[in-house]
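Dear colleague,

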Amino acid sequence: MTDLTTLPFHLQLLVREYGHSTYQLIQGLAQIEDVAERTKRAGQIVQLMLRLQPSLRELPEVQTRLWNHLHAMAGEEVTLDAPVPLRSLTIRTEKPTRVPYPRQAPKLRAYGAAVEALIAKALTIEDPAEREQATVQIGRTMKFLYRQHNKENAKDVTILRHLGELSGGQLRLDPAVVDSENLFEMPGGTGRTPAFIVPQPQQREGRDRREGRDNRDGRNGGFGNKGGKKRKKGRQEPQQPPQ
C-alpha cells in the first residue's frame, strides 16, 4: 500500500476522497497499451468514483470533475481520449498558503470586521454623493446585523453613533433625513420593526387560566382556600360571627 505522505499534496486529497483501492485501479491504467481500451477502463473507473461519491451528482459538470480527478491520479503521461477537456495538473501541485487567522477582534462585535472593511473603503471615495450613498448602504447593513446579533429593534440614532465611532467621525448623515426617509431600512421591507410586545392573546389566555384556578380553589363552589391549598376532609368548625 502506498504511503500517502510520499504523494504530492493534491494527490493526497484525491486518494482520501475516493479511497486507496480506487487509486490503485487508476495506477493500473498505465499498464494498458491500447489507448481505446485504456479510455474504456477509465470510463468504468469514473462510474465507480461516482458511486463512491453520490453527492457529486448534484454538482454541475460532474463528468468533467471526475475525469480530471482521474487524470490527476493517473498522471499526465497516461494518454486518455476523454469525452471532456482535461486540464493541466500544474495548478494543483502547489500547496495553498495558510490563511492568516485574525489576531485583533472587531471594535463592535455585532458588525464584525467586514463592516470595518466597508467603512475603510468608503473613506477612500472622494465624490460626496457616492460617499453618502455608500454610507447609507453601510448603515443598512449595520442595522440588519445589529438586529441579528441583539434580537431587538435597532434605533437609527444608535446606528449613526456606531457608524461615527467606526469611521472616526468621518462618515456622517443627517439624523432627521435618516428618520423621515427610513434610509436604513432594506428595500422592499415593511418599514420600521415594531417594538417587542407580548402578544395579547397569550396574556388573556394566561389570565383565564389563573381565574379558572381561583374558581376551582373555592370562589365558585370548589374546594380549597384562598391560597389554593386543599382543606383536609372531615368535620369543619362553624365560623364564629365577629364580636
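The axes of helix α2 (residues 20-27) and helix α4 (residues 62-74) come within 9 Å and cross at roughly 75°, where axes are lines fitted to C-alpha atoms, for helices over the stretch in contact, and angles run from 0 to 180 degrees between N-to-C directions. That angle makes α2 roughly perpendicular to α4 (angles under 35 degrees count as roughly parallel, over 145 as roughly antiparallel, 65 to 115 as roughly perpendicular and the rest as oblique). Helices here are DSSP runs of H or I with at least four residues, numbered from the N terminus. On the α2 side Tyr 23, Ile 26 and Gln 27 are in contact with Leu 70, Met 73 and Ala 74 of α4, contact meaning heavy atoms within 4.5 Å. These residues divide into 5 nonpolar, 1 polar and no charged (Ala, Val, Leu, Ile, Met, Phe, Trp, Tyr, Cys and Pro count as nonpolar, Asp, Glu, Lys and Arg as charged, and the others, Gly among them, as polar).

This is a predicted model, in which local features need pLDDT of at least 70 and side-chain atom pairs count only at pLDDT 80 or more, while totals for chains, interfaces and linings use all residues. Residues are numbered from 1 along each chain as its sequence is written, and side-chain values use heavy atoms, with hydrogens and water left out.

For helix α5 (residues 112-122) and helix α6 (residues 128-150), the axes come within 10 Å and cross at roughly 170°, which makes α5 roughly antiparallel to α6. Val 115, Leu 118, Ile 119 and Ala 122 of α5 make this contact with residues of α6 including Arg 131, Ile 138 and Leu 145, and by class it has 8 nonpolar, 1 polar and 1 charged residues.

The structure holds 1 salt bridge (a side-chain nitrogen of Lys or Arg within 4 Å of a carboxyl oxygen of Asp or Glu). It joins the side chains of Arg 41 and Glu 37, at 4.0 Å from N to O, and both residues lie in helix α3 (residues 35-52), 4 residues apart, about one turn of the helix.

Finally, His 69 is found in helix α4 and, at 13% relative accessibility, counts as buried (under 20% relative accessible area, with exposed over 50% and partly exposed in between, for a 1.4 Å probe and protein chains only). Leaving aside neighbours within four places in sequence, His 69 is in contact with Leu 14, Glu 17, Tyr 18 and Met 49.

Best regards

Terms used
Helices (H or I, at least four residues) and strands (E, at least two) are DSSP runs, numbered from the N terminus.
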